[in-house]
Amino acid sequence: MATVATPMKKLINDPASVVKESLAGLAAAHGDLVSYDPEAQILVRATTADKVGLISGGGSGHEPMHGGFVGPGMLDAACPGEVFTSPVPEQMLAATKAVDSGKGVVHIVKNYTGDVMNFKLAAEDAEDEGIQVESVLIDDDVAVQDSLYTAGRRGVGATVLAEKIAGAAAERGDDLAAVAGIARRVNERARSYGVAVSSCIPPAAGAPIFDLPDGEMEVGIGIHGEPGRERRPLGSASEIAELMLEAVLSDLEPAEGASVLPFVNGMGGTPQLELYLLYGEIERRLRERGLRPERRLVGSYITSLEMAGASLTLLQLDDELTALWDAPVHTPALHWGA
């Protein structure tokens, strides 16, 4: 029997204009925090600051990353590419120039081949124009060593943690090398692992990226729908929590009694009801292993359009990282403190 295509159900106009229209909407909703440059296709912090600049970027479809994290205490600019497509060097250069106050700019780069290459070209162009740039590579995903999009480990959940913590370091006045060093320390002390229970439908394709039959899950999934370690029968939240924890702990190997920040992230189609249930399973298991969850983050912060699933990122804290995490932040997607 021939397969019947399922119509795409999305609140969009033209698939070709989804990203630009979404960025304009974000800026309209949060004009006190971000401004949108439609020519360069970048989002920039609405208020200028005399400090080290911090930018990141990548394909769209992972909202609120990265545009939702522009604002005081986090990013100064974001460079969104088309859906699941790296931004181009011209975007990154425009963002770098827009946020440089003379103290240099840190690029936070997820380890995907297009992002790495294009940020490298942009950094070289910026330095030709007299702007100091430090690039920090995020590669925290323990699921696979190489993938369709990377050489080495993928950059996933630690990106948000690095943006927040390094953003606080920049806000307090740290110099370029120190801000980059803080971001690298976050990456070194964080590990991530994700599970998908459904695919997603990119607007331009109009069809799911992959087929995942009922009763199955993809473990070790990437944020673009790329394959993980294996496909297996769908487990309970308890079983999935144990699977993710074992994957990150066996690689991170935190000391007994260590302070940690568990970040349970939804992939876009998983309700908070399930994310908090999963978080409860994870915190209980962390305490049983002698670890101390001192801080935590639960919610859909790095999504894959409407994919159902979740990821766990575990960061081993120290006193400085904890203080920087607690520092005030005010962005469209993350805000606390003054």
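Colleague: At what angle do the axes of α6 and α7 cross, and how close do they come?

Modeller: The axes of α6 (residues 237–252) and α7 (residues 272–288) cross at roughly 55° and come within 9 Å. Before we go on: this is a predicted model, where local features need pLDDT of at least 70 and side-chain atom pairs count only at pLDDT 80 or more, while totals for chains, interfaces and linings use all residues. Residues are numbered from 1 along each chain as its sequence is written, and side-chain values use heavy atoms, leaving out hydrogens and water.

Colleague: What makes something a helix or a strand here?

Modeller: Both are DSSP runs, numbered from the N terminus: a helix is H or I over at least four residues, a strand is E over at least two. An axis is a line fitted to C-alpha atoms, for helices over the stretch in contact, and angles run from 0 to 180 degrees between N-to-C directions.

Colleague: Why are α6 and α7 called oblique to each other?

Modeller: Under 35 degrees counts as roughly parallel, over 145 as roughly antiparallel, 65 to 115 as roughly perpendicular, and the rest as oblique. Their axes cross at roughly 55°, so α6 and α7 are oblique.

Colleague: Which residues meet in α6 and α7?

Modeller: From α6, A237, S238, I240, A241, E242, M244 and L245 meet α7's L277, L278, E281, I282, R285 and L286. Contact means heavy atoms within 4.5 Å.

Colleague: And why are α4 and α8 described as they are, oblique or perpendicular?

Modeller: α4 (residues 158–171) and α8 (residues 319–326) pack at about 90°, with axes 8 Å apart. By the cut-offs for angles, they are therefore roughly perpendicular to each other. L161, K164, I165, A168 and A169 in α4 meet L321, L324 and W325 in α8.

Colleague: How do you know that the span of α5 agrees with its 13 residues?

Modeller: The expected span is 1.5 Å times one less than the number of residues. For α5 (residues 176–188) that should give 18 Å, and the end C-alpha atoms are 18 Å apart, which agrees.

Colleague: Which residues of α5 are buried?

Modeller: L176, V179, A180, I182, A183, V186 and N187. Buried means under 20% relative accessible area, exposed over 50%, and partly exposed in between, with a 1.4 Å probe and protein chains only.

Colleague: How do you know where the buried residues of α5 fall, seen down its axis?

Modeller: The arc is that of the directions from the helix axis to the C-beta atoms. In α5 the buried residues fall within an arc of 155°, so they line one face of the helix.

Colleague: Which residues of α3 are buried?

Modeller: D115, N118, F119, A122, A123 and A126. They cover an arc of only 140° around the axis, which puts them on the same side of α3. The face turned away from that buried side carries the exposed residues K120 and D128. Elements covering the buried residues of α3 include β3, α2, β5 and β6.

Colleague: What is phi of Q41, and is Q41 buried or exposed?

Modeller: Phi of Q41 is near 55°, a positive value in a residue other than glycine. Q41 is found in the loop between β1 and β2. With a relative accessible area of 7%, Q41 is buried.

Colleague: Is the peptide bond from E63 to P64 cis or trans?

Modeller: It is cis, with omega near 15°. A cis peptide bond also joins M65 and H66, with omega about 5°. P64 is found in the loop between β3 and β4, and H66 is found in the loop between β3 and β4 too.
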